[in-house]
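This report describes selected local features of one chain. Please consult the sequence and structure shown below.

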Amino acid sequence: MNGKRLPIHRLIRKILLPFLAAPALALAAAIPGEPAPAFSEVDAEGKSHSLEDYKGQWLVIEWFNKDCPYVRKHYGSGNMQALQKKYTGQDVNWLTVISSAKGKQGYLEPAQAMAVAASHSLNTSAPFLLDSDGSMGRAYGAKTTPHMFVINPEGKVVYAGAIDDNDSANPAVIPQSNNYVSAALDASLSGQAVAVASSRAYGCSVKY
Amino acid sequence: MSIFRCGVKAILFAAFVILAHPAGAQSTASGDHVRVRWLAPDTFAQGNAETIGFYFEVDPGWHVYWRNAGDSGAAPRFDIRAVDAEVGDIQWPFPVRLPIEHLTNLGYEGDVTYLFALTPKAGAERVALDVNLEWLVCKVDCIPGFGTMQLSRPVAQQANWNGTDRALRDRFQARVPGPQEQSPWRAVEMVEAGAGQLRLAIEPTGEGGAVVPQVFPVDGELLAAAEPRVESAQGRVDYTFTRVPGAPLPTAADFVISDGQRAWLLDAIPVGAAAQQWRALWLLLLAAFAGGMILNLMPCVFPVLSIKLFGLMGPGATTSSRVGEGLRYSAGVLATFAGLGAMLLLLRAGGAAVGWGFQLQSAPVVLLLILLFWLMGLSFSGVFEFGHRLMNMAGRSHGGSFATGVLAVFVAAPCTGPFMGAALGAAVTLPAAQAMAIFLALGAGLAAPFLLLCASPAVLNRLPAPGPWMEKLRQLLAFPLYATVIWLLWVLGRILGESGWLIGALLLLAVVFALWLGKSFGRGARVAAYMLVAVATAAVFGALRTPPPVAPQSADRGWHSYDKLAIEQALAQNRPVFIDYTAAWCITCQVNKKLVLESASVMDLFRANDVLLIRADWTTQDAEITAALSALGRNSVPVYAWYAPGAREPELLPQILQERMIAALFTESAKFQYNEDEKP
C-alpha cells in the first residue's frame with residue numbers, strides 16, 4: 001500500500017502546482033462590489049495612468065465621445081464639468097476615457113484631444129485617456145458614452161452605470177434627473193452604503 | 001432662456017399656423033432619417049376606446065427602439081396632454097434584436113407604430129391631443145430627434161378611418177404583446193444559473209409548435225439584451241440571460257415572448273422558488289447517477305471491472321465476503337470522486353479556472369496512467385507473473401478493492417458520457433455542498449452495478465461458471481488495455497509535442513526489459529531491474545518538466561484554433577460559427593470528430609455555408625477555453641456550440657453527434673432566414 005500512496009501524493013502535487021500557477025479567471029467587466037479591472041493608458045499629454053496609481057484614493061472613470069448626443073447633453077449643459085469640478089475639489093480623481101478606435105466616430109489624436117479638452121472646459125485629473133485599442137473599455141465592459149464607474153480607495157467598484165436616471169437626450173431634463181454618480185459619491189464619501197450601485201448605462205455605443 | 005424658448009415656440013407655432021397646416025395644428029414631426037405621423041381615425045366613436053398611434057417611417061438601415069432599448073440607445077418618449085379624452089399607456093410592438101458590434105439593442109428594423117388607446121370623455125364633441133415627442137434614431141451613430149404633434153378630431157356616432165391607415169394600425173397592433181393567458185407558452189420557472197445569470201424555462205401550453213420563440217427582457221436594468229443561450233429538450237426551452245453586472249436579484253421579472261408573428265407578455269415571473277431549485281438539483285443528481293452507471297460500459301473502465309469481478313467468482317468467495325469487497329470498491333470510488341471533487345472546488349474557490357477531466361491535462365498523470373495500463377495489459381496477457389499475483393491479491397485483500405475503485409475513477413475521466421456534461425457543468429456553478437452531492441452521485445452510479453453484482457448471488461450465478469475460458473477472456477481483455485496505452489501515448493504526444501511519444505515508449509520499453517531481467521535471472525538481477533525501473537521513471541518524469549512547446553495550429557483542414565477575436569468578428573458579420581470544444585484525452589470527442597465532424601459530407605456542408613470552424617482544444621489547461629466553457633454552463637468536453645447566422649448565443653448540440661444533426665442545422669437556419677425576410 002505504501003508503494004501505491006507515494007505516486008498518488010506526487011500525482012496530486014503534480015496536478016495542483018500547474019493550476020495554482022494558472023491566472024485567476026477575470027470577468028471582462030467592472031462589477032459593483034468587486035475589484036476594479038486593472039488598466040494602464042496614456043493620456044493626451046503622454047502621461048501614463050494605471051489603476052495602481054490611484055490606490056488609496058477615490059476614482060471616477062467616465063467614457064467620452066465628443067460627437068455623441070448624450071455626451072453633448074451633459075457637456076453642453078455644463079452638467080458634467082460641474083460634477084467634475086465639485087468632486088475633484090473633494091480630492092476625488094476623475095479620468096475621462098476615449099475608447100473610439102482610429103477611424104471611428106469620436107477618435108482623437110493627442111493634439112486634437114487637448115483642443116477638445118480645452119473647448120469642453122474639462123475639469124478632470126488629467127486630459128483624456130486615449131484608449132484607441134479599446135483595451136480599457138473592454139476590461140471595464142464600457143458600453144456607452146457616457147458610462148460611469150466609481151472606484152473606492154480599496155480598489156473596489158462602488159458604482160457602475162448611467163450618469164443619471166433619465167435617458168432623454170434633452171438637456172432640459174437634467175435638473176429633474178436623479179444623478180446616480182453624485183449620489184454614489186456623496187453616500188460613500190460619508191461612509192454610507194450606495195443606494196443604487198448599478199444601472200443600465202444609456203447613451204451611444206462605444207465605438208470600438 | 002425660457003422666455004427665449006417661449007418666443008421661439010410662439011414664432012414656430014405662428015409659422016405653422018400660417019404655412020403648414022390649415023387647421024392650425026402640427027400633425028407630423030420629422031428629424032434626420034425619421035418622419036412621424038398620426039395613425040388615427042377621422043372621427044372617434046362616442047365613449048369607445050380606439051387604438052391610435054405614432055407611425056415612424058425610418059430610413060433603411062436606421063433603427064428606433066423598443067421600451068427596453070438594450071445595451072445602448074433609448075426608447076422614444078411621448079408626453080401626451082389630452083383634452084376631453086382619456087389616453088392609455090404606450091403599447092410597444094415586439095422588437096427584434098439588433099446586434100451592433102459587441103452590443104445588442106432592442107428595436108425595429110424599418111417602420112414601426114407606437115400605439116395607445118384613446119377614449120373620448122362622455123359628452124365630448126371633439127378630442128384634442130398635444131404631444132411632445134423625443135426619439136433616438138441610430139445606425140451606428142445616433143441622432144436624437146424632438147418634435148411636437150397635435151391631433152384634433154370630432155367625436156361622432158362611430159369611428160371613421162381611412163382604410164390604409166387602419167390597415168397599417170392593425171398590422172402593428174397585431175404585434176403588440178397580448179396577455180399571458182393567451183400565450184401558447186407559459187413560464188415554468190426562473191432560477192439563478194451560476195454567477196451573473198438567470199435562467200427562464202418555458203413550455204408550450206398546448207400542442208406547441210416547432211418554433212423556438214424569442215424572449216425579450218422588459219427591464220434593461222436587470223438583464224442584458226444580448227440573445228440568451230437557448231437549450232431546448234422535449235418542448236421545454238431554457239433561456240439563460242446574463243444579468244446586468246451588480247444589479248440586485250429581483251423577486252420577479254417581465255418578459256415578452258414572440259413566435260415572430262405575434263407576441264405575449266409573461267409578467268411578474270417569480271425568481272427561484274426553493275422547491276423548484278431542489279427539483280432541479282434532484283434531476284441533476286439523477287442525471288449524474290445515470291451517467292456514472294453508463295461509465296461502467298466505457299472501454300477504459302470495462303476491462304478493469306470485468307477482471308475484478310472474475311476474481312470474486314472464485315470458489316473460496318462467499319456472498320458476505322463479496323459484499324465486503326463490493327462495499328470497499330464503492331468506498332474507493334466515492335472517496336476518489338470526493339477527493340477530486342474537493343480538489344476541483346478548492347481550486348475553484350482559489351479562482352483557478354479548471355473543469356472536469358482536468359487530471360488528464362497534466363502530463364505526469366497521463367504518464368502514470370500509461371504505465372498502469374501497460375502493466376495491467378502485460379499481466380492480463382500472462383507476461384507478467386508479478387502482476388498475476390498482484391491481481392490475485394487484489395481479489396482478496398481489502399486494499400485491493402479500494403484501489404480498484406480509485407483506479408476506476410481515474411480511468412473513467414476521459415469518458416464523459418451522456419448525462420454527465422450537464423451535471424458536471426452545474427456542479428461547477430452550484431454551492432459547494434450541492435456540487436459535492438453531484439460528484440458523489442456520479443460515484444454512486446459508477447459503483448452501483450458492481451456492488452449489485454457482488455451483493456446478489458442470484459445475479460452472479462447467472463454469469464457463466466468459472467473455468468479455463470476466464471483465462472482466455474482475460475487475455476482478450478488485454479487488448480483494449482493496449483489500445484488505451486496507444487491512445488494515451490498519443491495524448492501525451494499532444495501535451496508534450498513529438499517527444500511525448502518517445503518518452504512514453506522508452507519508459508514502456510524499460511519496464512518490459514526490467515520484467516524480463518527480473519524473471520530470467522536471480523535475485524541480483526531483480527534488484528537491478530527495480531533500479532532500472534526507478535531510474536527510468538525518474539528520468540522520464542524529469543524529462544516532463546521541459547516546458548510544453550507552443551504549437552500554433554492556425555488552420556487544420558479548415559478548423560481554426562480557438563481565437564475569441566475571430567469568433568467575435570465572425571458573429572459581428574453574421575457569419576455562422578461552429579465551435580468544437582474537445583481534448584485529445586476525451587474519447588467521445590475523438591469519436592465525434594472522426595465519424596461526424598470531419599466526414600466529407602459534413603465538411604462539405606460547413607464549407608457550402610461558409611461556417612467558421614473553431615476547434616477549442618482543451619487537451620492542456622487553457623484558462624480562456626475554460627472560461628468559454630463555463631460561460632456555456634459546462635466544464636467538461638465535448639461541447640458543440642453552434643451559432644446560426646446572425647445569432648449571438650449558441651445552440652448546444654448533444655454530446656453524441658450524428659450527421660443528420662449537423663445537416664438539420666442548415667435546414668433550420670435556412671428556415672430562420674426565410675422568416676427574417678418575411679418581416680414587413
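Where in chain B does B:P228 lie? B:P228 is found in the loop that joins β15 (214-217) to β16 (229-233) of chain B.

## Basis of the description

The model is predicted: local features need pLDDT of at least 70, side-chain atom pairs count only at pLDDT 80 or more, and totals for chains, interfaces and linings use all residues. Residues are numbered from 1 along each chain as its sequence is written, while chains are lettered from A and ligands numbered from 1 in the order in which they are written.

B:P228 counts as buried because it has 25 C-beta neighbours inside 10 Å (buried: 20 or more other C-beta atoms within 10 Å of its own, with C-beta atoms placed from the backbone). Leaving aside residues up to four places away in sequence, B:P228 touches B:V215, B:Y239, B:T240, B:F241 and B:E649 (contact: C-beta atoms, placed from the backbone, within 7 Å).

## Helix α15 of chain B

Helix α15 (residues 564-572) of chain B has B:I567, B:A570 and B:L571 buried (helices are DSSP runs of H or I, at least four residues; strands are runs of E, at least two). Viewed down the axis of α15(B), these buried residues fall within an arc of 100°, so they line one face of the helix (the arc is that of the directions from the helix axis to the C-beta atoms). They pack against β22 (577-582), β23 (612-617) and β24 (639-643) of chain B. Just after α15(B), B:N574 adopts a positive phi of about 60°.

Terms used:
A residue is buried if 20 or more other C-beta atoms lie within 10 Å of its own, exposed if 12 or fewer, and partly exposed in between; C-beta atoms are placed from the backbone. Two residues are in contact if their C-beta atoms, placed from the backbone, lie within 7 Å.
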